Amino acid sequence: MAREPQRGDRRDRRAPEAEGPDSDIVEKLVHINRVAATVKGGRRFSFAALMVVGDGKGRVGFGHGKAREVPEAIRKATEEAKKTMIRVPLRESRTLHHDGEGRWGAGKIMMRSAPPGTGVIAGGPMRAVLETLGVQDVVAKSSGSSNPYNMVRATFEALKTQSSPRQIANKRGKKVADMLGRRNDGASAPDALES
């Protein structure tokens, strides 16, 4: 005799999906916007979501989704964010290699690498991007527009300019040890090679 499917069975079938390649990805909702369109019968609401996703190990992406329901808008934004992920080199897997500035529209941001124990000193949308990226020590400041879309895009512009000593050495055809020697912050060349 066949057993009737119960509510718990559905969850068991979904469990293998959660263990896929995206299981280690962190998702953060940055902003949700409700828009009303006035129609004959009243007002029709729709929602726009801004999501940031990252693996906490140097990959991050953002996406924007619109739908009539909030969960659907979040799902669309998350899918877009996963498609547009970029890789950012991190020093010692905790901070940026060098200072960076980004600009998008009227939004301007500045980010600086920081010594261990500083934490993420950044506001709102920038904090979401940096935390999902896996940065643990950074100091950031935004000036100009506080629009979350502009701030996220400006942060991504700043992150795209980040380069590691290894990348610069490859461009110049040198060894990392020849270029670095000794850093001002006390890190020797072998420490920089780890990133």
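1. **Ground rules.** This is a predicted model, in which local features need pLDDT of at least 70 and side-chain atom pairs count only at pLDDT 80 or more, while totals for chains, interfaces and linings use all residues. Residues are numbered from 1 along each chain as its sequence is written, and side-chain values use heavy atoms, with hydrogens and water left out.

2. **The chain overall.** You will find seven helices and eight strands; these are DSSP runs numbered from the N terminus, with helices being H or I of at least four residues and strands E of at least two. Of the 195 residues, 36% are buried (buried means under 20% relative accessible area, exposed over 50% and partly exposed in between, with a 1.4 Å probe and protein chains only). Among contacts with a separation of 6 or more, 55% are between residues 24 or more positions apart, a contact being heavy atoms within 4.5 Å.

3. Strands count as paired if DSSP finds at least two bridges between them. Gly 102 has Ile 109 of β6 as its bridge partner. Two residues separate the strands of this hairpin, and Gly 105 has a positive phi near 60°.

4. β7 pairs with β8 (residues 138-144) in the parallel sense over two bridges, and Ile 121 has Val 139 in β8 as its bridge partner.

5. The whole structure has 10 salt bridges, each defined by a side-chain nitrogen of Lys or Arg within 4 Å of a carboxyl oxygen of Asp or Glu. One of them joins Asp 24 and Lys 57 at 3.9 Å, N to O. Asp 24 sits in the loop between α1 (7-18) and β1 (26-39), and Lys 57 in the loop between β2 (42-54) and β3 (59-67), so the pair ties together parts 33 residues apart in sequence. Asp 24 is partly exposed at 38% relative accessible area, whereas Lys 57 is exposed at 60%.

6. **A buried pair.** Arg 94 and Asp 137 form a salt bridge, with 3.0 Å between the closest N and O atoms. This pair links distant parts of the chain, 43 residues apart: Arg 94 is in the loop between β4 (86-87) and β5, and Asp 137 in the loop between α3 and β8. Both Arg 94 and Asp 137 are buried.

7. Arg 127 and Glu 131 form a salt bridge at 3.1 Å, N to O. They lie four residues apart in helix α3, about one turn. Lys 28 joins Arg 127 and Glu 131 in a network of salt bridges. Arg 127 is partly exposed at 31% relative accessibility, and Glu 131 is partly exposed at 31%.
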